[in-house]
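Please look over the notes below with the model open.

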Amino acid sequence: MQLITSLDIRNSEYLSKNRLISYHHQLRLIFSLGNQVKNILEIGIFNSLLTDILKNNRYNVTTADIDPNLNPEIILDLTKDFSLPKDKFDAIVLFQVLEHFPYEQSEQALKKLGIATKKFLVISIPYCTQYLTFQIKTSFSGRPRHLLLNVPKFWSKKPVCNQHYWEMGLKGYPKKRILNSVANAGLTVKQEFLDPTYPYHYFLVLEKTNNT
């Protein structure tokens, strides 16, 4: 897996409008868990934006990443045999991370993270579809209304990003397969969400089952 700091990506390029939409939902979903979550492990950090906002909202955040150049508190390679303190973190969060290594390794990482988390795992993964979105917004209607028509690209094996090994919706990776992997990791889906204005990022709030 190529380290993100080796790609020469500047924050000005990375923080696109769509990326900021994704950050908004990352925070919203974490906040929705309320007082159940205080201690968070954030895996895959690149910049400190999410970390800083969470800390400013009085969360205890520990950072982890494979890339030592990002100065994470924990150097963590999810493709290797790793271990984390069990029941230390109320939530483990990782957004757009699992697709960066082969699916079988993603499944194994999901199982280990399911064991390590005390309560929740909050993730996002790429959802490769052909889509059409309609938005209606007026000055007197309040929140905009959306109609989303999307079809998974089940006929294709090519991810949108060349750094990805797989994306949900592609041939061989239907949503059912991902949900089966979630269940096999001892996790249940508490929430699932995609923003119709940017449906490429698919969010899952996963809750640890009692027997994990």
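**Notes on the model**

1. Arginine 177 and glutamate 104 join their side chains in a salt bridge, at 3.9 Å from N to O. A salt bridge here is a side-chain nitrogen of Lys or Arg within 4 Å of a carboxyl oxygen of Asp or Glu. Arginine 177 sits in helix α5 and glutamate 104 in helix α4, so the pair ties together parts that are 73 residues apart in sequence. Helices (H or I, at least four residues) and strands (E, at least two) are DSSP runs, numbered from the N terminus. Arginine 177 is partly exposed, at 28% relative accessibility. Glutamate 104 is also partly exposed, at 48%. The cut-offs: buried is under 20% relative accessible area, exposed is over 50%, and partly exposed lies in between (1.4 Å probe, protein chains only).

2. A word on the basis. This is a predicted model, in which local features need pLDDT of at least 70 and side-chain atom pairs count only at pLDDT 80 or more, while totals for chains, interfaces and linings use all residues. Residues are numbered from 1 along each chain as its sequence is written, and side-chain values use heavy atoms, with hydrogens and water left out.

3. How many salt bridges does the structure hold? There are four. One of them pairs aspartate 87 with lysine 208 (3.8 Å, N to O). Aspartate 87 is in the loop between β3 (74-75) and β4, lysine 208 is in strand β9, and the two are 121 residues apart. Aspartate 87 is partly exposed at 40% relative accessibility. Lysine 208 is buried at 14%.

4. Glutamate 192 bridges to lysine 175, with 2.8 Å between the closest N and O atoms.

5. Helix α4 (residues 103-116) has 14 residues. From first C-alpha to last it reaches 20 Å, close to the 20 Å expected at 1.5 Å a residue. That expected span is 1.5 Å times one less than the number of residues. The buried residues of α4 are Tyr103, Ser106, Ala109, Leu110, Leu113, Gly114 and Ala116. They lie on the same side of α4, because they cover an arc of only 155 degrees around the axis. The arc is taken over the directions from the helix axis to the C-beta atoms. Their cover includes β1, β4, β5 (120-126), α5 (175-184), β8 (187-195) and β9 (198-208).

6. Which residues of helix α3 (residues 49-56) are buried? They are Leu50, Thr51 and Leu54. Their arc is only 100 degrees, so they share the same side of α3. These buried residues pack against α2 (17-31), β1 (39-43), β2 (60-65) and β4 (91-95). After α3 comes arginine 58, with a positive phi near 70 degrees.

7. Glutamine 26 belongs to helix α2. It is buried, at 5% relative accessible area. Leaving aside neighbours within four places in sequence, glutamine 26 is in contact (heavy atoms within 4.5 Å) with Leu50, Phe95 and Phe203.
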